Amino acid sequence: MAIGPPDCESPSHLVINESAQPTPDVSSKKERAGWYMYDWANSAFATTVVTAFLGPYLTGIANNGADSDGYISVMGGLLSFKAGSLWPYVTALSVILQVLVLPITGAIADRTPYKKQLLGVLAYIGAAATTGLVFLTGERYELGAWLFLIANVSLGASVVVYNSFLPQIAVEKDRDKVSSRGWAMGYLGGGLLFLFNLIALLMGGAENQAEIARWSLVSAGLWWAGFTTFTMLWLRNRDPYEGSPEGSVFTDGFKQFFRTLRGLKAYPLTLLFLVAFLIYNDGIQTVIALAGLYGAEELGFELTQLMPVILMVQILAFGGALLLGWMANRYGAKNTVLGSLVAWVGIVCVAYFVPAGNFPVFLALGAGIGLVLGGSQALSRSLFSQLIPKGKEGEYFGLYEISDKGTSWLGPLLFGLAYDLTGSYRIAIISLIIFFAVGFVLLLAVPMRRAIVAAGNTPPEKV
């Protein structure tokens, strides 16, 4: 039975299968490799599409279709705004959609014995939409926006299912390590594809940059689909902790989502951590998603200058995830994440003051991002996994994923509005400092050991 107060126990219409209770300490090296491989696969989208190419490329397509005042229209003229705001706005919209889709996906994942297949379907849909960006040419900015919406929502939903495997393949004391290795593999895989695309960009000449950017976007979709196959082969399904539903897994998933929201009041410390994460990680994801746009439009760097910096971020993020994982083992994951948030405040301040065209300072800024990026996200994921009542992994990670790995909405929305109102990307970037400051205060207020016990789990030696 799920651990918790009576109103949060399993619904009475489900048949509880005690023998099907997950055994998180039983997983082979091959299965963990399969789990790591999905981070390797989907990180190509986060790096090549979200961070590097699509923001500047889609903005260029939008500029081609803008009127003399720099405005574009979407949805048959229903909305009109500056072309430079399209990328922040469509990023925000994709996450608003995820607010509706992801928690339901998590509830379904907890109830289906075919969780691995659910992961695969979502991954392949996202990869297909990404590959469809091959048609993003001329003035087809609205096509690009719709394809990105499909791909990003599919990514978020698939990662909900992926994250819900973590408590099943690693016991509490190993989750910081396993989560950090997954993030490190993701940055390594995403960085490797990006390296190939960067070489093509540097060798292709200035006149072919747009075409190379377009095919780089396509390569991310093919990479995502191809390496997901290894996850499908090596990861294994487990019987749902809740047992098999008597009705449809989809209708039960919808019903359970609302029960999860009501049941969160029984775990106020888990809710407090979740709110803290949603706020500070929204800031992190906004910096990641809009760094390329900021560097190109505000600082005046060409793609050939931006891309090596993004590659450096990927390489340093691989090491940073492992470094912060080591620090968590020594100082505790919560303290390490708090320290990373202080570093993020410094990064945003430096970004505001960096002079246009000053490449060495921009390079140092990228190095700082890389060192704290992977670790702050990996440790947040492992911390949250300790705060989830058993059998509710998919549901809770559905809420968590609303602001994880390429998904955020308040940050891009604030960024887009700030630029729309002021015409300054500097004002837009400095506005993000509020996410790190508020997130720091809220996370500081979470008593992690007491929160883990309250969720019915056993705290590791250091939290």
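## Contacts around Gln386

Two residues are in contact when their heavy atoms come within 4.5 Å. Setting aside its neighbours within four places in sequence, Gln386 is in contact with Glu172, Arg175, Ile452, Ala455, Asn457, Thr458 and Pro460.

Where does Gln386 sit? You'll find Gln386 in the loop between helix 12 (359-385) and helix 13 (393-400). Gln386 counts as buried because its relative accessible area is 3%, and the cut-off for buried is under 20%.

## The whole protein

Let's zoom out. The protein has 17 helices and 2 strands. Of its 463 residues, 59% are buried.

Take the contacts with a separation of 6 or more: residues 24 or more positions apart account for 86% of them. Lys177 belongs to helix 6 and is partly exposed, with a relative accessible area of 42%.

The average pLDDT for the protein is 85, and 89% of the residues score at least 70. Confidence is highest in helix 3, at 97, and lowest in helix 8 (residues 249-263), at a mean of 69.

Go carefully with residues 1-25, where pLDDT stays under 50. The model has 58 contacts beyond four places in sequence for this stretch. Where pLDDT is low, the predicted coordinates should not be read in detail.

## Helix 3 and its neighbours

Helix 3 covers residues 115-131, so to speak a run of 17 residues. From first C-alpha to last, helix 3 reaches 24 Å, close to the 24 Å expected at 1.5 Å a residue.

Which helices do the buried residues of helix 3 pack against? They pack against helix 1 (29-64), helix 2 (86-109), helix 4 (141-163), helix 5 (166-169) and helix 7 (209-234). The buried residues of helix 3 include Leu119, Gly120, Leu122, Ala123 and Gly126. Lys115 and Lys116 are among the buried ones as well.

## Salt bridges

Side chains of opposite charge can pair when their charged atoms come close. How many salt bridges does a search of the whole structure find? It finds 6.

One of them joins Arg236 to Glu31, with the closest N and O atoms 3.5 Å apart. Arg236 lies in the loop between helix 7 and helix 8 and Glu31 in helix 1, so this pair ties together parts that are 205 residues apart in sequence. Arg236 is partly exposed, at 36% relative accessible area, whereas Glu31 is buried, at 3%. Glu31 also forms a salt bridge with Arg238, where the closest N and O atoms are 2.8 Å apart. That pair links distant parts of the chain too, 207 residues apart.

Another salt bridge pairs Glu211 with Arg214, with 2.4 Å between the closest N and O atoms. These two are 3 residues apart in helix 7, which means they are separated by about one helical turn. Glu211 is partly exposed, with a relative accessible area of 39%, while Arg214 is buried, at 10%.

## A nonpolar patch

Leu192, Leu195, Phe196, Ile199 and Met203 make a nonpolar patch of about 470 Å². Leu192 lies in helix 6 (residues 175-204) and is partly exposed, with a relative accessible area of 31%.

Methods
Residues are numbered from 1 along each chain as its sequence is written. This is a predicted model: local features need pLDDT of at least 70, side-chain atom pairs count only at pLDDT 80 or more; totals for chains, interfaces and linings use all residues. Side-chain values use heavy atoms; hydrogens and water are left out. Patches are made of residues with over 30% relative accessible area and no salt bridge: like charges are joined within 9 Å, nonpolar side chains (Val, Leu, Ile, Met, Phe, Trp, Tyr) within 5 Å. Accessible areas come from the Shrake-Rupley method with a 1.4 Å probe; for residues, only the protein chains shown count as cover. A salt bridge is a side-chain nitrogen of Lys or Arg within 4 Å of a carboxyl oxygen of Asp or Glu. Helices (H or I, at least four residues) and strands (E, at least two) are DSSP runs, numbered from the N terminus. Buried means under 20% relative accessible area, exposed over 50%, partly exposed in between (1.4 Å probe, protein chains only). The expected span of a helix is 1.5 Å times one less than its number of residues. pLDDT is the predictor's confidence in each residue, from 0 to 100.
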